[in-house]
Amino acid sequence: HAKRFGPDRVEAFKPVMRTMGGDRLALESDLRRALEREEIKLVFQPIMRLDNKRIAGFEALVRWDHPRHGRLNPQEFLSIAEESGMIVEIGLFVMDRAARQLGAWQRAMGVHLPIFASVNVSSRQLLRHDLINDIRAVLDRNEVVPGTLKLEVTESLVMENPEYAAQVLERVRELGAGLALDDFGTGYSSLSYLQRFPFDTIKVDRSFVRHNGSGTRPVILRSIVALAHDLGMEVVAEGAETDEDAIELYALGCEYAQGFLFGEPMSAEECRHLLARQSAMMRH
Ligand code: C2E
Ligand code: MG
Ligand code: MG
Ligand code: MG
């Protein structure tokens, strides 16, 4: 069924995007009121363990239900949020809601083999804001199994200021949050840099995951997986869309995969159903 969503699905811009030049200011002032109007929503996409085909966790992804433009994807408003500084408040909201949801799921399922939730962190939050305080507040307010709230940080973000990023990320780990390096392979970090950051997980960008029949991608993927494992990190493959992808990723040693094959980003309610169905299956 993955075929229904073409590979260009997330890149397809809505009309609002094309007219963004003129609408940008209007969108910015709308965004200022979006949080209090409860228009900012979270969706969650499952991340599967490939060996037992069970849900290991979810990535929280932000959406904006705009009163006139409908549901907007992150690429349609995150740059405005980032440039205006509103990303700090939105980011804290995302972290808090994701942690609250995670705590609820963990309590409902029992904490044996707890699932995790990961949230994306932007440059502004990590490099020009007291992220540590935010995480501490979120972990104080929401009871989750230690280590199961994870932050996703892109390679290009940490490379903006590697020394400072490394310091902040060390403190994030000390607070008991997990750390994933997002979109790996799309930035320019030298591989030797990797060992200076306390990541526990590498998320390989879907451009290395998607099977294009040329035969070169598995070679690159195999090296990334080997490197990650040598550094004691686990690997999530992003953008798994077909059964063939999943079989190949498992054969290459990826622990986890995420993609339309296993589920699109969905509401917390849909996640709960998915988890309930899965535990019912385990009992039979
Ligand atoms: P990301 O962190 O790499 O998230 C994965 C993106 O790939 C999501 O797009 C997801 O819907 C999409 N995706 C998942 N599986 C597949 C697949 O099989 N095929 C294809 N073609 N795409 C797939 P989304 O939700 O539009 O998010 C785009 C980006 O926006 C994210 O990329 C992340 O960098 C950023 N983002 C999302 N939520 C937040 C947030 O709360 N805060 C910040 N700072 N950034 C966010
Ligand atoms: Mg991510
Ligand atoms: Mg990613
Ligand atoms: Mg990606």
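Predicted model: local features only at pLDDT ≥ 70, side-chain atom pairs only at ≥ 80, totals over all residues.

Trainee: OK. Which helix gives the most to the lining of the second largest pocket?
Mentor: Helix H12 does, with seven residues. It spans residues 268-283.

Trainee: Which other elements give two or more residues to that lining?
Mentor: Strand E2 (54-66) and helix H4 (87-109).

Trainee: How many residues line the second largest pocket, and which lie nearest its centre?
Mentor: The lining has 26 residues. Met109, His112, Leu113, Pro114 and Ile115 are the ones nearest the centre.

Trainee: And how do the lining residues divide into nonpolar, polar and charged?
Mentor: There are 13 nonpolar residues, seven polar and six charged. The space in this pocket comes to about 620 Å³.

Trainee: Changing topic, to the metals. What are the protein donors of the magnesium ion (ligand 2)?
Mentor: Four residues: Glu59 through OE, Asn120 through OD1, Glu152 through OE and Asp182 through OD. Along the chain, their spacing reads E-x60-N-x31-E-x29-D.

Trainee: Where in the fold do Glu59 and Asp182 lie?
Mentor: Glu59 is in strand E2 and Asp182 is in strand E6 (residues 178-184), so the pair ties together parts that are 123 residues apart in sequence.

Trainee: Is Glu59 buried or exposed?
Mentor: Buried, because its relative accessibility is 4% and the cut-off for buried is under 20%. Asp182, at 5%, also counts as buried.

Trainee: Which magnesium ions does Asp182 coordinate?
Mentor: Ligand 2 and ligand 3, two magnesium ions that are 3.6 Å apart.

Trainee: Then what are the protein donors of the magnesium ion (ligand 4)?
Mentor: Asp183 and Asp205, each through OD, at 2.4 to 2.7 Å from the ion. Asp183 also bridges to the magnesium ion (ligand 3), with 3.2 Å between ligand 4 and ligand 3.

Trainee: Where do Asp183 and Asp205 lie?
Mentor: Asp183 is in strand E6, and Asp205 is in the loop between strand E7 (201-204) and helix H9 (206-209), so this pair ties together parts that are 22 residues apart in sequence.

Trainee: What does Asp183 count as, going by its relative accessibility?
Mentor: Partly exposed, at 24%. Asp205 is at 13% and counts as buried.

How values were computed
Residues numbered from 1 in each chain as written. Chains lettered and ligands numbered in written order. Heavy atoms only, no water. 1 Å grid on protein atoms, 1.4 Å probe; cavity = no way out; pocket = protein on both sides within 12 Å on 5 of 7 lines; lining within 4 Å. Points joined across faces, edges and corners; volume = space filled by probe spheres on them. Helix = DSSP H or I, 4+ residues; strand = E, 2+ residues; numbered from the N terminus. Nonpolar A, V, L, I, M, F, W, Y, C, P; charged D, E, K, R; others polar. Donors = N, O, S within 2.8 Å, 3.2 Å for Na, K, Ca; no water. Buried < 20%, exposed > 50% of the residue type's maximum accessible area, 1.4 Å probe, protein only.
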